[in-house]
Amino acid sequence: MEKNINCVKEKKACCSCGICAGICPQEAISMEIDEKTGASLPHIHKNQCVDCGICLRICPGYYNAETVLGDTPSGHKERQCKHLQSYIGNISDPALLQNCTSGGIVSELIRTLLSNSIYDSAFIVNTNCYSDVVETERITKYTPSSSKSRYIAVSHAQTAKYILSHQEERIVIVAVGCAITGFKRMIEQYHLNRNNYLLIGLFCDKIVTYTIWNYFAGKYAAHDKLYGMDSRNKKNSGWPGDMLLYLNNREINIDRKYRQQVHHFFSNERCLYCTDKLNESADISVGDNYTNINATENGTSSIIVRTPAGELALEQIRNKCILTLIPINEIYESQSMQKKQRNFYNAKLKYQGILHAKMPCKDFLRYIKAMLRIKIGYSYPKMPWLIYLALKLENTVQYLNSTCRLMHKSNNRHN
């Protein structure tokens, strides 16, 4: 019988949200970086655990894994697109906009909601150092350093613990889909006042493990100290931004295409089985604008208002934004959700076996390729040459493919 969060970790269903560590009444769970995978995973202190099962009842990884197995493409689209209104937009403050990853909507929401005392506090990430497990931090006033995208797995243990001990406080929570689902389940399980919490959901395709910090430190800071990593910075190239590494004496700008390529090798395996890209459990979901509507060099956001609480929050900043109504299908299609639906097959293959998966051959090969990349990522830093070789091979294949396409187009023109 499954009694605690260990079963989720063993099934590779853990999404590294850390909520279990925050709610455990025995404080028997801590989030630690797994030596093999680099993922932030719950560690059970057996001498403290009483197998009460509270962690399992709230665990979003456990819950979402079961949901995906029984889902359908039509049901998935209906949930992801459930909304009141949807927009493309950005904030008007040029300085704040430049500091944000895309349109600045989340930053302006936090700044305005706290300054107007509509909410008492917000839990955000206030660091770009990923040498250890990243925890959320409580703020009562907006700080510019809380902007930017963090692709690393964030622990929300402190948020969950604080909520349980301050149940009357009005709190803004910003998180990716798995964590937002966990907080929603936590609010329901503990019968908390739902009106006290604004759930701001970030679009998320996948997160990366903490090994990525060691990789970039080893590659670019062998004779220096890496103290910060900005996954997407608009300073040098505008939106969508390149990676910026902060060393003791200099900054290193890394092309976003290379960052995206490296992310494949250090992805959290759990993300291969997740289909919630648009954060369906949030009050308001926000992500990059890929619709090409009103796109600007400084970035714009796709915004999905899902609940009356999300609607009221957006109203507070409407006069500080440039917003354009847009059909939800435009956002859904622009986020390549058809690709995300392939994770249905991945989940069934992982948790039910190949006979239940009924997986198209192309999707099976994609899954094998994704898993192979992740396994290669596990080899770092013991065999750093292996990942460098894999990256070189991928670049060579891409070059040959693009050359063949150009030759094919040229031949068609001449014919």
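These legends describe close-up views of a predicted model. Local features need pLDDT of at least 70, side-chain atom pairs count only at pLDDT 80 or more, and totals for chains, interfaces and linings use all residues. Residues are numbered from 1 along each chain as its sequence is written, and side-chain values use heavy atoms, without hydrogens and water.

**View 1. An open sheet of eight strands.** The strand order is β6-β4-β8-β9-β13-β14-β3-β15, and the pairing is mixed. β6 (137-139) and β15 (321-325) each have a single partner strand, so one side of each lacks a neighbour in the sheet. Neighbouring strands are turned by 25° against each other on average, direction ignored. Helices (H or I, at least four residues) and strands (E, at least two) are DSSP runs, numbered from the N terminus. Two strands pair if DSSP finds at least two bridges between them.

View 2. Ile88 has Thr324 of β15 as its bridge partner. Axes are lines fitted to C-alpha atoms, for helices over the stretch in contact (heavy atoms within 4.5 Å). Angles run from 0 to 180 degrees between N-to-C directions.

**View 3. The second largest pocket.** Its space is about 430 Å³. The lining has 19 residues, with Tyr63, Arg79, Lys184, Glu280 and Ser281 nearest the centre. α4 (60-69), α5 (73-80) and α9 each give two or more residues to this lining. By class, the lining has four nonpolar, seven polar and eight charged residues. On a 1 Å grid over the protein atoms alone, a pocket is an open set of points where a 1.4 Å probe fits, with protein on both sides within 12 Å along at least five of seven lines; lining residues have an atom within 4 Å of a point.

**View 4. Ala157 in helix α8.** The helix covers residues 157-165. Beyond its neighbours within four places in sequence, Ala157 contacts Cys17, Gly18, Ala21, Gly22 and Glu135. Cys17 is 140 residues from Ala157 along the chain, yet their C-alpha atoms are separated by 7.7 Å.

**View 5. The hairpin of β1 and β2.** Five bridges join β1 (residues 29-33) to β2 (residues 40-44), and the strands run antiparallel. Ile33 stands opposite Ser40. Six residues lie between the strands, and Gly38 takes a positive phi near 80°.

Note on methods:
Points joined across faces, edges and corners; volume = space filled by probe spheres on them. Nonpolar A, V, L, I, M, F, W, Y, C, P; charged D, E, K, R; others polar.
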